[in-house]
Amino acid sequence: GGGAVLAVRRAVLEYELGVNHTDTEELSAGEEHLQRCTQLLEPHRLSPDCVSLYIQAQNNLGILWSQRDEIETAQTYLESAEALYNQYMKEDGNPPLDPSEHFMAEEEKLTDQERSKRFEKAYTHTLYYLAQVYQHLDMIEKAAQYCHTTLKRQLEYCGYYPVEWARNAATLSQYYLSKECFMEAPASVIFSQAGQVPSAEDDETEPDQQDLPERKAEIARCWIKYCLNLLQSARKLLEDNIGELDPDRQLELKAQRKKEEDEKEKGRKKAVLFGTSDICDSVLAMEEKVSSVYPLDFQEAREIFLVGQNYVQEAKEFFQVDGYVTDHIEIVQDHSALFKVLAFFEEDYERRCKMHKRRIDMLEPIYADLNPQYYLLICRQLQCELADTYYEMMDLKVAIGNRLEKLDSHTVKKINSLAQFAIKYYELFLDSLRNPDKVFPEKLEEDVLRPAMVAKFHIARLYGKLITSDSKKQLENMQTSLEYYTFLVDYCEKYPDAVPAIETELELSKEMVNLLPASMERLRAKLSSFV
């Protein structure tokens, strides 16, 4: 009747007043108008005249409460909007009236197609806001599902800006990577449409074209992570208990993969895919370049590595040291990590060494230019990574030397040099933990406990690996080694809660603390017999 029409028109005005009062200072006024709007609509909320307006009012109340950091209240409004949409679609399903039509002449009214599009857009916004609410509430899986549904609906209804959509999809792909789902990464396909696809969004503007290089670089970074995660997950599957490639496991996985080839299409249909068949085809073409299947040998790993490396160059073009220090360093660290994981697949020790040398060559210049006063955390990361890389190379050179009948002076020199560089960087890391008076902490903070203990353990082992024909020097090295092993044992006796973080290292340290004094005694006896 006429009363209902007037109530709805008044609700529209209240809604418009509410939406115009969303500045932080005016939140209360905005809330009052939106609440009045929903009260007026409450009796008719499921009617085609009111449902769209009611959902949009609930959406705006959700936004308003989230601006106040009242996330649970925001959740209530948005879930109510979601439930109403589902109930309406189930019970009626016809395109409802758009709020703008309540003051339109009959001949100006929208077509059913346009009404449907606007109604679906309002509901897509509900899902978009819910995704953010769930993320704030640490309901990560639910947030990812809602984000995925939002992106999918934006594709379906052409309600997206290619650049923003691609960035959001690339970000979402990081969640799926953490779950080891490697098929969900179509961001580059949509990004390539930037500037070509007419957007169905009419009340917002596409980010400036000047943002394109940054967005492109952000998506490149997501691809780097994709390649890195795929290689690292494959390594986890293939490594034995000492971190080397297990040939039996490799053969077993290859046989298993061959058997599963027939199932591949079924698997693809079940994966979380986006949009139209055209887009899916483009995504599949993109995936031809970088597979979603775990690499099981060096050749397969290298193909993924090369794709990742190309994206490293693309990302570095935008994220340069000048202006983007931390981003640039993170990209270089990812590049180093790509080399590290590729080296795992390489059987030849010399070639493996060369890969680690590439890591040193990219990390050392960056470390040398950093001021620890401003970049302490990054400096520590680089110190540890450089030390670990030199340590790895030293181990490889020892393994190469063990295959020779007799160690030549060049190999001895190389082993010692690598060990000394590793010691240098471990010591730099440990020094960074000292207080301004250069005193090492009595008790280590939890976040540096394991790295510090591993550094101490590795230094102890490195002093034991130094090769010298000078027995006095050898005795000194053994003494230093013993001191570092003893530090670990004593620390864990004093702070037993540290034990779980370094069980393996502690066990070996205890053994060495027992064995080394006897070895040193024998060496001393040998030395005194020469006096």
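Helices here (H or I, at least four residues) and strands (E, at least two) are DSSP runs, numbered from the N terminus. With that in hand, welcome to a protein chain that has 20 helices and zero strands. This is a predicted model, in which local features need pLDDT of at least 70, side-chain atom pairs count only at pLDDT 80 or more, and totals for chains, interfaces and linings use all residues. Residues are numbered from 1 along each chain as its sequence is written, and side-chain values use heavy atoms, with hydrogens and water left out.

**The chain as a whole**

- Of the 531 residues in the protein chain, 45% are buried, where buried means under 20% relative accessible area, exposed means over 50%, and partly exposed lies in between (1.4 Å probe, protein chains only).
- Take the contacts (heavy atoms within 4.5 Å) in the protein chain with a separation of 6 or more: residues 24 or more positions apart account for 71% of them.

**Aromatic pairs**

- Rings of Phe, Tyr and Trp (its six-membered ring) pair if their centres lie within 6.5 Å; planes under 30 degrees apart count as stacked, over 60 as edge-to-face and the rest as tilted.
- Searching the whole structure turns up 21 aromatic pairs.
- One of them joins Trp 223 and Tyr 226 in an edge-to-face arrangement, 5.2 Å centre to centre with 65 degrees between the planes.
- Both Trp 223 and Tyr 226 belong to helix H9 (residues 212-238), where they sit three residues apart, about one turn of the helix.
- An α-helix has 3.6 residues a turn, so residues three or four places apart point the same way.
- Trp 223 counts as buried because its relative accessibility is 4%, and Tyr 226 counts as buried because its value is 3%.
- Tyr 491 and Tyr 495 form a tilted pair, 4.9 Å centre to centre and with 50 degrees between the planes.
- Both Tyr 491 and Tyr 495 are buried.
- Tyr 85, Tyr 88, Phe 119 and Tyr 123 are linked by ring pairs into a cluster.

- The expected span of a helix is 1.5 Å times one less than its number of residues.
- Helix H4 (residues 71-91) has 21 residues and reaches 30 Å from its first C-alpha to its last, close to the 30 Å expected.
- The buried residues of H4 include Tyr 85 and Tyr 88, along with others such as Ile 71, Leu 78 and Glu 82.
- After H4 comes Gly 93, with a positive phi near 85 degrees.
- H6 has 17 residues that should span 24 Å, and its end C-alpha atoms are 24 Å apart, which agrees.
- Among the buried residues of H6 are Ala 143, Tyr 146, His 148, Arg 153 and Leu 155.

**Where H16 meets H18**

- Helix H16 (residues 376-402) and helix H18 (residues 446-465) pack at an angle of about 30 degrees, and their axes are 11 Å apart.
- Those axes are lines fitted to C-alpha atoms, for helices over the stretch in contact, and angles run from 0 to 180 degrees between N-to-C directions.
- On the H16 side, the residues in the contact include Arg 380, Asp 388 and Tyr 391, and on the H18 side they include Val 448, His 458 and Arg 461.
- The residues of this contact divide into five nonpolar, one polar and five charged.
- In that count, Ala, Val, Leu, Ile, Met, Phe, Trp, Tyr, Cys and Pro are nonpolar, Asp, Glu, Lys and Arg are charged, and the others, Gly among them, are polar.

- Ala 460 is found in helix H18, and its relative accessible area of 0% makes it buried.
- Leaving aside neighbours within four places in sequence, Ala 460 is in contact with Ser 481, Tyr 484 and Tyr 485.
- Ala 460 and Met 478 are 18 residues apart in sequence, with their C-alpha atoms 8.5 Å apart in space.
- Asp 334 lies in helix H14 (residues 325-345) and is buried, with a relative accessible area of 11%.
- With neighbours within four places in sequence left aside, Asp 334 is in contact with Ile 224, Lys 225 and Leu 228.

**Positive phi in two loops**

- Asp 138 has a positive phi of about 65 degrees although it is not a glycine.
- Asp 138 lies in the loop between helix H5 (112-136) and helix H6 (140-156), and it counts as exposed at 61% relative accessibility.
- Lys 438, also not a glycine, has a positive phi near 70 degrees.
- Lys 438 lies in the loop between helix H17 (409-432) and H18, and it is exposed, with a relative accessible area of 63%.
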